[in-house]
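Have a look at the model first.

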Amino acid sequence: MTLRKFQMLVNGAWIDAASGKTYESINPATGRVWSVLPDADEADADHAVRAADAAFRGPAWRGLTATTRGKLLRRLGDLIAEHASELAELETQDNGKLIRETRGQLAYLPEFFHYSAGLADKLEGSTLPIDKADMFAFTVPEPLGVVAAIIPWNSPLYLTAIKLAPALAAGNTLVIKPSEHASASILRFAALVAEAGFPAGVVNVVTGLGPSAGAALTKHPLVRRIAFTGGPSTARHVIKASAENFAKLSLELGGKSANIVFDDADLESAVNGAVAGIYAASGQSCVAGSRLLVQDGIYERFVAALTARMARIRIGDPLDPNSDMGPMATEQQLGIVESMVGRAREEGADVLAGGQRPAGHEGWYYEPTLLACTSEKLDVVQNEVFGPVAAIMRFNDDAEALALANGTEYALAAGIWTRDIGRAHRFARDIHAGIVWVNTYRAVSAMAPIGGFGASGYGREGGIHAVLDYTELKTVWVNLSEQPMGDPFVMR
Ligand code: TXE
(Lines give C-alpha, C1' and ligand atoms only; values in the text may rest on other atoms or scores of the structure.)
Protein backbone atom coordinates (compact mmCIF):
# COMPACT_ATOMS: atom_id res chain seq x y z
CA MET A 1 0.00 0.00 0.00
CA THR A 2 1.31 3.48 -0.84
CA LEU A 3 1.53 5.76 2.15
CA ARG A 4 -0.43 9.01 2.13
CA LYS A 5 1.82 11.99 2.63
CA PHE A 6 0.38 15.03 4.40
CA GLN A 7 1.67 18.56 4.81
CA MET A 8 0.63 21.15 7.37
CA LEU A 9 -0.97 24.54 6.79
CA VAL A 10 0.81 27.68 7.96
CA ASN A 11 -0.06 31.16 6.74
CA GLY A 12 -2.03 29.78 3.81
CA ALA A 13 0.81 27.55 2.55
CA TRP A 14 1.09 23.76 2.69
CA ILE A 15 4.51 23.00 4.11
CA ASP A 16 6.75 20.32 5.63
CA ALA A 17 8.44 20.72 9.00
CA ALA A 18 11.41 23.09 8.76
CA SER A 19 13.66 20.26 9.91
CA GLY A 20 12.27 18.00 7.19
CA LYS A 21 11.42 15.41 9.85
CA THR A 22 8.29 13.29 9.57
CA TYR A 23 6.44 10.69 11.64
CA GLU A 24 4.20 7.81 10.70
CA SER A 25 0.57 7.32 11.61
CA ILE A 26 -0.93 3.85 12.05
CA ASN A 27 -4.38 2.61 11.06
CA PRO A 28 -5.70 1.07 14.30
CA ALA A 29 -7.93 -1.40 12.45
CA THR A 30 -4.90 -3.05 10.84
CA GLY A 31 -2.00 -1.99 13.06
CA ARG A 32 -0.17 -0.88 9.87
CA VAL A 33 1.32 2.50 8.90
CA TRP A 34 -0.92 4.32 6.43
CA SER A 35 0.34 7.93 6.38
CA VAL A 36 3.35 10.19 6.93
CA LEU A 37 3.13 13.66 8.46
CA PRO A 38 5.42 16.60 9.24
CA ASP A 39 7.02 16.29 12.68
CA ALA A 40 6.84 19.93 13.74
CA ASP A 41 9.09 21.33 16.46
CA GLU A 42 9.56 24.64 18.24
CA ALA A 43 10.60 26.48 15.05
CA ASP A 44 7.43 25.37 13.23
CA ALA A 45 5.24 26.25 16.21
CA ASP A 46 6.85 29.68 16.34
CA HIS A 47 6.30 30.17 12.60
CA ALA A 48 2.61 29.25 12.93
CA VAL A 49 1.97 31.39 16.01
CA ARG A 50 3.64 34.40 14.39
CA ALA A 51 1.49 33.89 11.28
CA ALA A 52 -1.65 33.70 13.44
CA ASP A 53 -0.60 36.78 15.39
CA ALA A 54 0.08 38.75 12.21
CA ALA A 55 -3.30 37.66 10.84
CA PHE A 56 -4.98 38.72 14.09
CA ARG A 57 -3.53 42.21 13.76
CA GLY A 58 -3.77 42.49 9.97
CA PRO A 59 -6.56 44.29 8.10
CA ALA A 60 -7.66 41.21 6.11
CA TRP A 61 -9.14 39.71 9.29
CA ARG A 62 -9.31 42.59 11.75
CA GLY A 63 -11.03 44.73 9.15
CA LEU A 64 -13.91 42.31 8.61
CA THR A 65 -17.20 43.09 10.25
CA ALA A 66 -18.54 40.54 12.70
CA THR A 67 -21.34 39.87 10.21
CA THR A 68 -18.80 38.94 7.54
CA ARG A 69 -16.99 36.64 9.99
CA GLY A 70 -20.35 34.99 10.56
CA LYS A 71 -20.87 34.57 6.82
CA LEU A 72 -17.47 32.91 6.45
CA LEU A 73 -18.30 30.52 9.28
CA ARG A 74 -21.62 29.68 7.69
CA ARG A 75 -19.88 28.92 4.40
CA LEU A 76 -17.40 26.70 6.24
CA GLY A 77 -20.28 24.80 7.82
CA ASP A 78 -21.81 24.29 4.38
CA LEU A 79 -18.49 23.06 2.97
CA ILE A 80 -18.22 20.53 5.79
CA ALA A 81 -21.70 19.27 4.95
CA GLU A 82 -20.63 18.88 1.29
CA HIS A 83 -17.47 16.96 2.24
CA ALA A 84 -18.89 15.07 5.20
CA SER A 85 -18.46 11.57 3.85
CA GLU A 86 -14.86 12.15 2.74
CA LEU A 87 -13.98 13.67 6.13
CA ALA A 88 -15.70 10.85 8.00
CA GLU A 89 -13.81 8.16 6.08
CA LEU A 90 -10.50 9.90 6.63
CA GLU A 91 -11.11 10.16 10.35
CA THR A 92 -12.21 6.54 10.67
CA GLN A 93 -9.12 5.35 8.83
CA ASP A 94 -6.95 7.45 11.12
CA ASN A 95 -8.38 6.76 14.59
CA GLY A 96 -10.45 3.61 14.09
CA LYS A 97 -13.68 5.27 15.14
CA LEU A 98 -16.75 3.62 13.72
CA ILE A 99 -17.82 5.04 10.35
CA ARG A 100 -21.42 5.17 11.64
CA GLU A 101 -20.21 7.41 14.46
CA THR A 102 -17.94 9.65 12.34
CA ARG A 103 -20.69 10.02 9.72
CA GLY A 104 -23.13 10.91 12.48
CA GLN A 105 -20.74 13.48 13.96
CA LEU A 106 -19.98 14.95 10.53
CA ALA A 107 -23.67 15.23 9.70
CA TYR A 108 -24.13 17.36 12.80
CA LEU A 109 -20.84 19.28 12.71
CA PRO A 110 -22.08 22.10 10.42
CA GLU A 111 -24.46 23.09 13.23
CA PHE A 112 -21.52 24.21 15.36
CA PHE A 113 -20.42 26.57 12.60
CA HIS A 114 -23.92 27.81 11.84
CA TYR A 115 -24.63 28.39 15.53
CA SER A 116 -21.39 30.35 16.10
CA ALA A 117 -21.93 32.16 12.79
CA GLY A 118 -25.21 33.50 14.13
CA LEU A 119 -23.56 34.67 17.34
CA ALA A 120 -20.66 36.49 15.67
CA ASP A 121 -22.54 39.79 15.32
CA LYS A 122 -24.49 39.47 18.55
CA LEU A 123 -21.60 39.84 20.99
CA GLU A 124 -22.73 43.07 22.54
CA GLY A 125 -21.16 45.15 25.25
CA SER A 126 -23.35 47.23 27.54
CA THR A 127 -23.71 50.77 28.72
CA LEU A 128 -23.09 50.91 32.45
CA PRO A 129 -25.43 52.84 34.77
CA ILE A 130 -22.42 54.44 36.41
CA ASP A 131 -23.06 56.05 39.81
CA LYS A 132 -20.89 59.07 39.01
CA ALA A 133 -22.21 62.28 37.53
CA ASP A 134 -20.73 63.31 34.19
CA MET A 135 -19.26 59.89 33.48
CA PHE A 136 -20.34 57.69 30.59
CA ALA A 137 -19.04 54.10 30.60
CA PHE A 138 -19.55 51.12 28.34
CA THR A 139 -18.05 47.69 27.72
CA VAL A 140 -16.85 46.10 24.49
CA PRO A 141 -16.12 42.35 24.17
CA GLU A 142 -12.77 41.99 22.40
CA PRO A 143 -11.10 38.93 20.90
CA LEU A 144 -8.06 37.65 22.77
CA GLY A 145 -5.59 37.00 19.95
CA VAL A 146 -3.93 33.71 19.02
CA VAL A 147 -5.67 30.58 20.30
CA ALA A 148 -3.72 27.32 20.58
CA ALA A 149 -6.20 24.45 20.16
CA ILE A 150 -4.74 21.16 21.39
CA ILE A 151 -6.81 18.25 20.12
CA PRO A 152 -6.85 14.55 21.16
CA TRP A 153 -7.36 11.54 18.92
CA ASN A 154 -10.80 10.35 19.91
CA SER A 155 -12.99 12.87 18.02
CA PRO A 156 -10.62 15.16 16.12
CA LEU A 157 -13.06 17.15 14.00
CA TYR A 158 -15.79 17.44 16.59
CA LEU A 159 -13.32 18.63 19.24
CA THR A 160 -11.78 21.06 16.75
CA ALA A 161 -15.15 22.47 15.69
CA ILE A 162 -16.26 23.10 19.26
CA LYS A 163 -13.15 25.26 19.79
CA LEU A 164 -12.61 26.83 16.38
CA ALA A 165 -16.16 27.98 15.60
CA PRO A 166 -16.62 30.14 18.73
CA ALA A 167 -13.00 31.34 18.64
CA LEU A 168 -13.39 32.60 15.05
CA ALA A 169 -16.86 34.02 15.70
CA ALA A 170 -15.28 36.20 18.39
CA GLY A 171 -12.53 37.37 16.02
CA ASN A 172 -9.53 35.34 17.22
CA THR A 173 -7.03 33.43 15.08
CA LEU A 174 -5.86 29.87 15.71
CA VAL A 175 -3.06 27.37 15.61
CA ILE A 176 -4.44 23.84 15.84
CA LYS A 177 -2.24 20.99 17.07
CA PRO A 178 -4.03 17.71 16.28
CA SER A 179 -3.08 14.52 18.05
CA GLU A 180 -0.10 12.77 16.47
CA HIS A 181 -2.38 9.72 16.28
CA ALA A 182 -5.16 11.41 14.28
CA SER A 183 -4.29 14.49 12.25
CA ALA A 184 -5.54 13.61 8.76
CA SER A 185 -9.16 14.77 8.99
CA ILE A 186 -8.11 18.08 10.57
CA LEU A 187 -5.67 18.74 7.71
CA ARG A 188 -8.40 18.10 5.14
CA PHE A 189 -10.72 20.34 7.14
CA ALA A 190 -8.06 23.09 7.10
CA ALA A 191 -8.19 23.10 3.32
CA LEU A 192 -11.94 23.78 3.56
CA VAL A 193 -11.24 26.72 5.91
CA ALA A 194 -9.14 28.29 3.16
CA GLU A 195 -11.80 27.44 0.55
CA ALA A 196 -14.46 29.16 2.68
CA GLY A 197 -12.52 32.41 2.28
CA PHE A 198 -10.82 32.91 5.64
CA PRO A 199 -7.67 35.02 5.11
CA ALA A 200 -4.28 33.25 5.23
CA GLY A 201 -2.92 32.82 8.75
CA VAL A 202 -6.31 32.93 10.50
CA VAL A 203 -6.34 29.14 10.89
CA ASN A 204 -3.05 27.23 10.94
CA VAL A 205 -2.36 23.58 11.66
CA VAL A 206 0.92 22.17 12.96
CA THR A 207 1.27 18.42 13.22
CA GLY A 208 3.71 16.78 15.57
CA LEU A 209 4.25 15.24 18.95
CA GLY A 210 2.85 16.59 22.19
CA PRO A 211 6.06 17.20 24.13
CA SER A 212 7.66 19.03 21.16
CA ALA A 213 5.07 20.76 18.92
CA GLY A 214 2.33 20.84 21.61
CA ALA A 215 4.58 22.12 24.40
CA ALA A 216 6.17 24.75 22.11
CA LEU A 217 2.73 26.11 21.25
CA THR A 218 1.35 26.24 24.77
CA LYS A 219 4.35 28.12 26.11
CA HIS A 220 4.59 30.56 23.20
CA PRO A 221 4.43 34.17 24.47
CA LEU A 222 2.09 35.26 21.64
CA VAL A 223 -0.55 32.63 22.50
CA ARG A 224 -3.29 34.36 24.48
CA ARG A 225 -5.74 31.49 24.91
CA ILE A 226 -5.29 27.71 25.09
CA ALA A 227 -8.17 25.31 24.49
CA PHE A 228 -7.11 21.82 25.53
CA THR A 229 -8.85 18.45 25.39
CA GLY A 230 -6.86 15.46 26.58
CA GLY A 231 -5.74 13.66 29.71
CA PRO A 232 -5.19 15.16 33.19
CA SER A 233 -1.45 14.52 33.32
CA THR A 234 -0.86 16.35 30.01
CA ALA A 235 -3.19 19.09 31.28
CA ARG A 236 -0.80 19.75 34.18
CA HIS A 237 1.98 20.51 31.66
CA VAL A 238 -0.38 22.77 29.74
CA ILE A 239 -1.40 24.65 32.90
CA LYS A 240 2.27 25.22 33.78
CA ALA A 241 3.03 26.39 30.23
CA SER A 242 0.06 28.80 30.31
CA ALA A 243 1.38 30.31 33.54
CA GLU A 244 4.49 31.60 31.74
CA ASN A 245 2.48 34.02 29.64
CA PHE A 246 -0.85 34.22 31.51
CA ALA A 247 -2.69 32.61 28.62
CA LYS A 248 -6.38 32.05 29.33
CA LEU A 249 -7.17 28.35 29.48
CA SER A 250 -10.00 25.86 29.12
CA LEU A 251 -9.49 22.17 29.90
CA GLU A 252 -11.72 19.24 29.01
CA LEU A 253 -10.12 16.19 30.59
CA GLY A 254 -12.49 13.25 30.58
CA GLY A 255 -14.21 11.57 33.48
CA LYS A 256 -15.50 8.59 35.39
CA SER A 257 -19.14 9.33 34.79
CA ALA A 258 -21.88 7.53 36.70
CA ASN A 259 -24.86 6.10 34.83
CA ILE A 260 -27.43 5.49 37.58
CA VAL A 261 -30.27 3.04 37.06
CA PHE A 262 -33.15 3.06 39.58
CA ASP A 263 -35.62 0.26 40.18
CA ASP A 264 -38.37 2.21 38.39
CA ALA A 265 -36.34 2.79 35.20
CA ASP A 266 -37.48 1.60 31.78
CA LEU A 267 -35.19 -1.43 31.52
CA GLU A 268 -34.74 -1.41 27.75
CA SER A 269 -33.93 2.31 27.66
CA ALA A 270 -31.52 2.01 30.56
CA VAL A 271 -29.70 -0.89 28.88
CA ASN A 272 -29.42 1.07 25.63
CA GLY A 273 -28.23 4.07 27.64
CA ALA A 274 -25.57 1.95 29.31
CA VAL A 275 -24.37 0.61 25.95
CA ALA A 276 -24.39 4.12 24.44
CA GLY A 277 -22.47 5.38 27.45
CA ILE A 278 -19.60 2.93 27.50
CA TYR A 279 -19.46 0.74 24.39
CA ALA A 280 -20.23 3.36 21.73
CA ALA A 281 -16.92 4.74 20.38
CA SER A 282 -15.33 1.72 22.11
CA GLY A 283 -15.51 3.71 25.34
CA GLN A 284 -13.04 6.29 24.02
CA SER A 285 -15.25 9.18 24.90
CA CYS A 286 -14.73 11.86 27.53
CA VAL A 287 -18.31 11.48 28.74
CA ALA A 288 -18.22 7.66 28.81
CA GLY A 289 -20.64 6.31 31.41
CA SER A 290 -17.94 4.06 32.79
CA ARG A 291 -19.55 3.51 36.20
CA LEU A 292 -22.91 1.76 36.15
CA LEU A 293 -24.71 2.19 39.48
CA VAL A 294 -27.76 -0.06 39.60
CA GLN A 295 -30.40 -0.33 42.34
CA ASP A 296 -30.80 -3.67 44.13
CA GLY A 297 -34.34 -4.37 42.92
CA ILE A 298 -33.45 -4.25 39.22
CA TYR A 299 -29.79 -5.30 39.40
CA GLU A 300 -30.09 -8.97 38.31
CA ARG A 301 -32.54 -8.20 35.50
CA PHE A 302 -30.38 -5.30 34.34
CA VAL A 303 -27.18 -7.37 34.26
CA ALA A 304 -28.95 -10.18 32.36
CA ALA A 305 -30.38 -7.74 29.79
CA LEU A 306 -27.12 -5.81 29.44
CA THR A 307 -24.91 -8.87 28.96
CA ALA A 308 -27.42 -10.25 26.42
CA ARG A 309 -27.23 -6.92 24.53
CA MET A 310 -23.43 -6.90 24.77
CA ALA A 311 -23.28 -10.37 23.22
CA ARG A 312 -24.93 -8.90 20.11
CA ILE A 313 -22.35 -6.09 19.72
CA ARG A 314 -20.56 -6.66 16.39
CA ILE A 315 -16.84 -6.00 16.68
CA GLY A 316 -15.26 -5.32 13.32
CA ASP A 317 -13.73 -3.08 10.70
CA PRO A 318 -14.73 0.48 11.64
CA LEU A 319 -15.23 1.28 7.93
CA ASP A 320 -17.94 -1.41 7.75
CA PRO A 321 -21.30 0.26 8.46
CA ASN A 322 -22.50 -2.98 10.08
CA SER A 323 -19.83 -2.89 12.80
CA ASP A 324 -20.89 -1.67 16.25
CA MET A 325 -17.46 -1.44 17.85
CA GLY A 326 -14.08 -0.70 16.28
CA PRO A 327 -10.57 -0.88 17.73
CA MET A 328 -8.78 1.21 20.33
CA ALA A 329 -7.21 4.21 18.58
CA THR A 330 -3.67 3.46 19.73
CA GLU A 331 -1.68 0.45 20.80
CA GLN A 332 -0.81 2.32 23.99
CA GLN A 333 -4.52 2.75 24.76
CA LEU A 334 -5.09 -0.97 24.25
CA GLY A 335 -2.25 -1.58 26.72
CA ILE A 336 -3.90 0.74 29.28
CA VAL A 337 -7.21 -1.11 28.90
CA GLU A 338 -5.58 -4.51 29.32
CA SER A 339 -3.58 -3.51 32.35
CA MET A 340 -6.53 -1.82 34.07
CA VAL A 341 -8.75 -4.87 33.56
CA GLY A 342 -5.92 -7.09 34.83
CA ARG A 343 -5.54 -4.95 37.92
CA ALA A 344 -9.30 -4.91 38.51
CA ARG A 345 -9.28 -8.73 38.48
CA GLU A 346 -6.45 -8.79 41.02
CA GLU A 347 -8.35 -6.33 43.21
CA GLY A 348 -11.39 -8.63 43.25
CA ALA A 349 -13.61 -7.43 40.36
CA ASP A 350 -15.76 -10.15 38.83
CA VAL A 351 -15.67 -10.26 35.00
CA LEU A 352 -19.34 -10.58 33.93
CA ALA A 353 -18.56 -10.20 30.21
CA GLY A 354 -15.55 -9.58 27.95
CA GLY A 355 -12.20 -8.98 29.58
CA GLN A 356 -9.91 -9.83 26.67
CA ARG A 357 -8.99 -9.12 23.07
CA PRO A 358 -11.45 -10.73 20.65
CA ALA A 359 -10.08 -13.57 18.55
CA GLY A 360 -9.61 -13.13 14.80
CA HIS A 361 -8.82 -9.40 14.61
CA GLU A 362 -5.38 -8.09 13.68
CA GLY A 363 -5.89 -4.50 14.90
CA TRP A 364 -6.14 -3.09 18.42
CA TYR A 365 -9.52 -4.48 19.41
CA TYR A 366 -10.89 -5.20 22.89
CA GLU A 367 -14.14 -6.88 23.87
CA PRO A 368 -16.96 -4.93 25.50
CA THR A 369 -16.30 -5.64 29.15
CA LEU A 370 -18.43 -5.55 32.30
CA LEU A 371 -16.78 -5.77 35.72
CA ALA A 372 -18.83 -6.26 38.89
CA CYS A 373 -17.16 -4.28 41.67
CA THR A 374 -18.06 -4.38 45.35
CA SER A 375 -15.72 -1.64 46.53
CA GLU A 376 -15.52 1.90 45.25
CA LYS A 377 -11.83 1.93 46.13
CA LEU A 378 -10.93 -0.18 43.08
CA ASP A 379 -8.67 1.55 40.58
CA VAL A 380 -11.16 0.78 37.78
CA VAL A 381 -13.94 2.51 39.76
CA GLN A 382 -11.87 5.62 40.43
CA ASN A 383 -9.85 6.11 37.27
CA GLU A 384 -10.65 6.62 33.61
CA VAL A 385 -9.97 3.56 31.40
CA PHE A 386 -10.91 5.22 28.10
CA GLY A 387 -11.93 1.90 26.64
CA PRO A 388 -15.01 -0.37 26.50
CA VAL A 389 -14.90 -1.26 30.18
CA ALA A 390 -17.77 -0.58 32.60
CA ALA A 391 -17.52 -1.06 36.35
CA ILE A 392 -20.95 -2.02 37.69
CA MET A 393 -21.93 -1.54 41.35
CA ARG A 394 -25.20 -2.00 43.18
CA PHE A 395 -26.85 0.41 45.59
CA ASN A 396 -29.76 0.29 47.96
CA ASP A 397 -31.23 3.80 48.19
CA ASP A 398 -30.93 7.35 46.84
CA ALA A 399 -28.41 8.44 49.46
CA GLU A 400 -26.08 5.56 48.65
CA ALA A 401 -26.43 6.20 44.91
CA LEU A 402 -25.55 9.86 45.34
CA ALA A 403 -22.53 9.11 47.55
CA LEU A 404 -21.23 6.61 44.99
CA ALA A 405 -21.92 8.95 42.07
CA ASN A 406 -20.02 11.80 43.72
CA GLY A 407 -17.23 9.53 44.93
CA THR A 408 -14.47 10.21 42.38
CA GLU A 409 -12.25 13.21 41.67
CA TYR A 410 -13.81 13.49 38.19
CA ALA A 411 -17.04 15.38 37.60
CA LEU A 412 -17.83 15.56 33.88
CA ALA A 413 -21.17 13.82 33.22
CA ALA A 414 -23.86 11.64 34.76
CA GLY A 415 -26.91 9.71 33.57
CA ILE A 416 -30.05 9.09 35.63
CA TRP A 417 -32.62 6.47 34.68
CA THR A 418 -35.90 6.82 36.58
CA ARG A 419 -39.56 7.59 35.95
CA ASP A 420 -39.75 9.64 39.16
CA ILE A 421 -39.51 13.29 38.08
CA GLY A 422 -38.82 14.55 41.60
CA ARG A 423 -35.94 12.14 42.05
CA ALA A 424 -34.57 13.03 38.60
CA HIS A 425 -34.46 16.71 39.53
CA ARG A 426 -33.03 16.04 43.01
CA PHE A 427 -30.19 14.07 41.45
CA ALA A 428 -29.65 16.63 38.71
CA ARG A 429 -29.28 19.21 41.47
CA ASP A 430 -27.07 17.18 43.81
CA ILE A 431 -24.75 15.38 41.41
CA HIS A 432 -21.34 16.94 41.05
CA ALA A 433 -21.00 16.90 37.25
CA GLY A 434 -20.94 19.43 34.43
CA ILE A 435 -23.55 17.54 32.36
CA VAL A 436 -26.53 15.55 33.63
CA TRP A 437 -28.65 13.42 31.28
CA VAL A 438 -32.04 12.20 32.48
CA ASN A 439 -33.35 9.09 30.69
CA THR A 440 -30.88 9.64 27.85
CA TYR A 441 -27.11 9.60 27.38
CA ARG A 442 -24.47 11.21 25.14
CA ALA A 443 -26.85 13.83 23.75
CA VAL A 444 -24.91 16.82 22.38
CA SER A 445 -25.84 20.10 20.77
CA ALA A 446 -24.06 23.21 19.54
CA MET A 447 -26.27 25.11 21.99
CA ALA A 448 -25.38 23.07 25.07
CA PRO A 449 -22.22 23.71 27.12
CA ILE A 450 -19.86 20.79 27.75
CA GLY A 451 -17.29 20.73 30.53
CA GLY A 452 -16.61 19.49 34.01
CA PHE A 453 -15.42 20.22 37.51
CA GLY A 454 -12.43 18.94 39.45
CA ALA A 455 -10.16 16.52 37.57
CA SER A 456 -12.50 16.80 34.56
CA GLY A 457 -11.20 20.33 33.96
CA TYR A 458 -12.70 23.79 33.74
CA GLY A 459 -14.22 26.11 31.18
CA ARG A 460 -17.14 25.26 28.91
CA GLU A 461 -17.33 24.45 25.19
CA GLY A 462 -20.59 24.81 23.25
CA GLY A 463 -23.34 27.34 23.84
CA ILE A 464 -23.16 31.13 24.16
CA HIS A 465 -20.71 31.05 27.06
CA ALA A 466 -18.13 29.36 24.86
CA VAL A 467 -18.09 32.29 22.45
CA LEU A 468 -17.84 34.78 25.30
CA ASP A 469 -15.00 32.73 26.74
CA TYR A 470 -12.96 33.66 23.64
CA THR A 471 -13.38 37.36 24.46
CA GLU A 472 -12.40 39.71 27.25
CA LEU A 473 -14.35 42.82 28.17
CA LYS A 474 -12.89 46.26 27.69
CA THR A 475 -14.44 48.99 29.83
CA VAL A 476 -14.38 52.51 28.38
CA TRP A 477 -14.87 55.61 30.58
CA VAL A 478 -15.66 59.00 29.09
CA ASN A 479 -15.67 62.14 31.19
CA LEU A 480 -18.54 64.29 29.90
CA SER A 481 -17.83 67.19 32.21
CA GLU A 482 -16.47 70.47 30.88
CA GLN A 483 -14.78 71.15 34.24
CA PRO A 484 -11.03 70.56 34.56
CA MET A 485 -10.10 67.32 36.32
CA GLY A 486 -9.63 67.86 40.08
CA ASP A 487 -7.29 66.42 42.72
CA PRO A 488 -5.05 63.87 40.97
CA PHE A 489 -4.24 62.05 44.27
CA VAL A 490 -7.70 60.64 44.94
CA MET A 491 -9.55 57.91 43.15
CA ARG A 492 -12.35 59.20 41.00
O1 TXE B 1 -3.78 12.30 25.61
P2 TXE B 1 -2.88 13.55 25.76
P3 TXE B 1 -3.34 10.83 25.37
C4 TXE B 1 -7.49 10.68 28.40
C5 TXE B 1 -7.60 9.17 28.35
C6 TXE B 1 -6.28 8.73 27.86
C7 TXE B 1 -5.37 9.77 28.47
C8 TXE B 1 -4.09 9.99 27.73
O9 TXE B 1 -7.83 8.67 29.65
O10 TXE B 1 -5.92 7.47 28.29
O11 TXE B 1 -6.12 10.97 28.42
O12 TXE B 1 -4.36 10.09 26.34
C13 TXE B 1 -0.99 16.87 23.16
N14 TXE B 1 2.06 19.99 25.80
N15 TXE B 1 -8.06 11.33 27.25
O16 TXE B 1 -1.97 10.51 25.87
O17 TXE B 1 -1.45 13.21 25.95
C18 TXE B 1 -1.06 15.61 22.32
O19 TXE B 1 -0.11 15.66 21.27
C20 TXE B 1 1.08 20.29 24.95
C21 TXE B 1 -9.25 12.08 27.48
O22 TXE B 1 -3.54 10.60 23.96
O23 TXE B 1 -3.55 14.38 26.79
C24 TXE B 1 -2.50 15.66 21.85
O25 TXE B 1 -2.60 16.56 20.76
N26 TXE B 1 0.35 19.35 24.33
C27 TXE B 1 -9.66 12.86 26.34
C28 TXE B 1 -3.23 16.23 23.08
O29 TXE B 1 -2.22 16.86 23.86
C30 TXE B 1 0.64 18.06 24.57
C31 TXE B 1 -9.25 12.54 25.00
C32 TXE B 1 -3.92 15.17 23.94
O33 TXE B 1 -2.99 14.20 24.29
C34 TXE B 1 1.67 17.69 25.46
C35 TXE B 1 -8.01 11.80 24.93
C36 TXE B 1 2.40 18.73 26.09
N37 TXE B 1 3.38 18.49 26.96
C38 TXE B 1 -7.48 11.22 26.02
N39 TXE B 1 1.71 16.34 25.53
C40 TXE B 1 -10.98 13.55 26.42
N41 TXE B 1 -11.15 14.47 27.37
O42 TXE B 1 -11.85 13.33 25.59
C43 TXE B 1 0.76 15.88 24.71
N44 TXE B 1 0.10 16.91 24.12
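A backbone N or O atom of Gly210 sits 3.4 Å from a ligand oxygen atom, a polar contact in the sense of two N or O atoms within 3.5 Å. Ala215 has a polar backbone atom 3.4 Å from a nitrogen atom of the ligand, and for Glu252 a backbone N or O atom lies 3.2 Å from a ligand nitrogen. On its own the ligand has 810 Å² of accessible area (Shrake-Rupley method, 1.4 Å probe), and the protein covers 88% of this.

This is a predicted model, in which local features need pLDDT of at least 70 and side-chain atom pairs pLDDT 80 or more, while totals for chains, interfaces and linings use all residues. Numbering runs from 1 along each chain as its sequence is written, and side-chain values use heavy atoms, leaving out hydrogens and water.

Now step back to the shell. The ligand is surrounded by 27 residues (a heavy atom within 4 Å), and the closest are Ile151, Trp153, Lys177, Glu180 and Gly231. They divide into 12 nonpolar, 11 polar and four charged residues, with Gly counted as polar. Both domain 1 (4-253 + 456-475) and domain 2 (258-438) supply at least three residues to this shell; the bounds come from an automatic or database domain assignment.

Technical notes. A polar contact is a pair of N or O atoms within 3.5 Å; within protein, one must be able to donate a hydrogen and the other to accept it, and residues adjacent in sequence count only if both atoms are side-chain atoms.
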